[in-house]
Amino acid sequence: AGIGDPGMLISADDDAYYDDEECSQEPISFGLTDNTLSMSFGFTTNISMAPARDSSAAAPFFHPDSLDGGHVYYDEDAAATDVLSRVLGPFLERNGATLILVESDHQYACPPWRWRAEATVEIRGNSVMDVVGIGRDAIALAEACGENGSLTRDIAANLVRAGHAAALIGQPEGQWLDVKRQHYDLETAAGKIKLAEAVAKFANAELGGLLVIGAAGKKVPGGEIIQTLCPITIDGRTMRKYEQALESRLYPPPDLLSIESIGNGLLGLVLVDIPPQPEELKPFLVYGAIVDGDVEG
């Protein structure tokens, strides 16, 4: 009753406490758009997503003021909608969904801002919970992004820690982000050296970096993007093996480096977070090298 556009609402309340009048509602619902299943989801941003007025990205959103022909106004709502569309569109597309719209709730004139997005979804091969998972990751991505839709090392690390690593699908590998499908072979010197080299690269860089083990990349024109998650086996000794490999092969030890297992049970991801390092510790050096497939030094 009182719902303008009838659809299917979702509640994650436990069966034992579920009440159809008092239940808590997920910010995700389903309906039909042109006879195709669509998903609608709401989210909140605590910062303005519109580009700064003096930036080149803002230029297309200045329009003549119809009430004053000599002035132009900056359509911040349209600019912010464009930013969020460019954040959500590629992520949804790579998960078999197509973004239809992003719109703001005009009742919120100051932060936090409320938004609603809608996308048609591919149903073949998906369960309801598969699509709900895509919606939750899309919400996490939109709410985590920084100014102008930017994604930083801190934001990406927090998405992975919060269980939304799938929100990184479609993001480019590069300056501060790298993924690896399988564990490094830490039983061999070569595997330890390769891990140390990957960490040293980020420790020597200005921004630090993230190494996500348990995700696969895909080559595209201009570089590589994260294509999929492929959780790996993690046991009680996994983290210690990574720590020992870096202790024996990387010098000096990076400040505040963290190695974390993400997931429940036996399968998950390994997240290696390397914050920006003090200049006085650089350069970070690796003991040993791999030359023509052989370990030297």
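The largest cavity is lined by V160, A165, L168, I169, V179, V212, A215, I226 and L229. A cavity is a set of points, on a 1 Å grid over the protein atoms alone, where a 1.4 Å probe fits but cannot get out, and lining residues have an atom within 4 Å of a point. The largest cavity has a volume of about 40 Å³, where a volume is the space filled by probe spheres set on the points, and grid points are joined across faces, edges and corners. The count comes to 1 cavity of 30 Å³ or more.

The model is predicted: local features need pLDDT of at least 70, side-chain atom pairs count only at pLDDT 80 or more, and totals for chains, interfaces and linings use all residues. Residues are numbered from 1 along each chain as its sequence is written, and side-chain values use heavy atoms, with hydrogens and water left out.

A pocket, in contrast to a cavity, is an open set with protein on both sides within 12 Å along at least five of seven lines. The second largest pocket holds about 350 Å³ of space. It has 21 lining residues, of which G149, L151, G170, Q171 and P172 are the closest to its centre. Helix 1 (residues 76-93) contributes the most to this lining, with 5 residues.

The protein contains 5 helices and 18 strands; these are DSSP runs numbered from the N terminus, helices being H or I of at least four residues and strands E of at least two. Of its 297 residues, 40% count as buried. Buried means under 20% relative accessible area, exposed over 50%, and partly exposed in between (1.4 Å probe, protein chains only).

The largest nonpolar core has 53 residues, and M39, F41, F43, L88, L92, L141 and L159 touch the most other members. Such a core is a set of buried Ala, Val, Leu, Ile, Met, Phe, Trp, Tyr and Cys residues joined through side-chain atoms within 4.5 Å. A second, separate core of 23 residues includes A198, V199, L246 and I274.

Helix 5 (residues 238-249) has 12 residues and reaches 17 Å from its first C-alpha to its last, close to the expected 16 Å; the expected span is 1.5 Å times one less than the number of residues. In helix 5, T238, M239, Y242, A245, L246 and R249 are buried. These residues lie on the same side of helix 5, because they cover an arc of only 130 degrees around the axis; the arc is that of the directions from the helix axis to the C-beta atoms.

S38 lies in strand 3 (residues 36-45) and is buried, with a relative accessible area of 4%. Contact means heavy atoms within 4.5 Å. Leaving aside neighbours within four places in sequence, the contacts of S38 include S29, F30 and E118.

The loop between strand 13 (250-251) and strand 14 (258-262) holds D255, which counts as partly exposed at 36% relative accessibility. P252 is also placed in the loop between strand 13 and strand 14, and the peptide bond from Y251 to P252 is cis, with omega near -5 degrees. The peptide bond from K282 to P283 is cis, with omega near 0 degrees.
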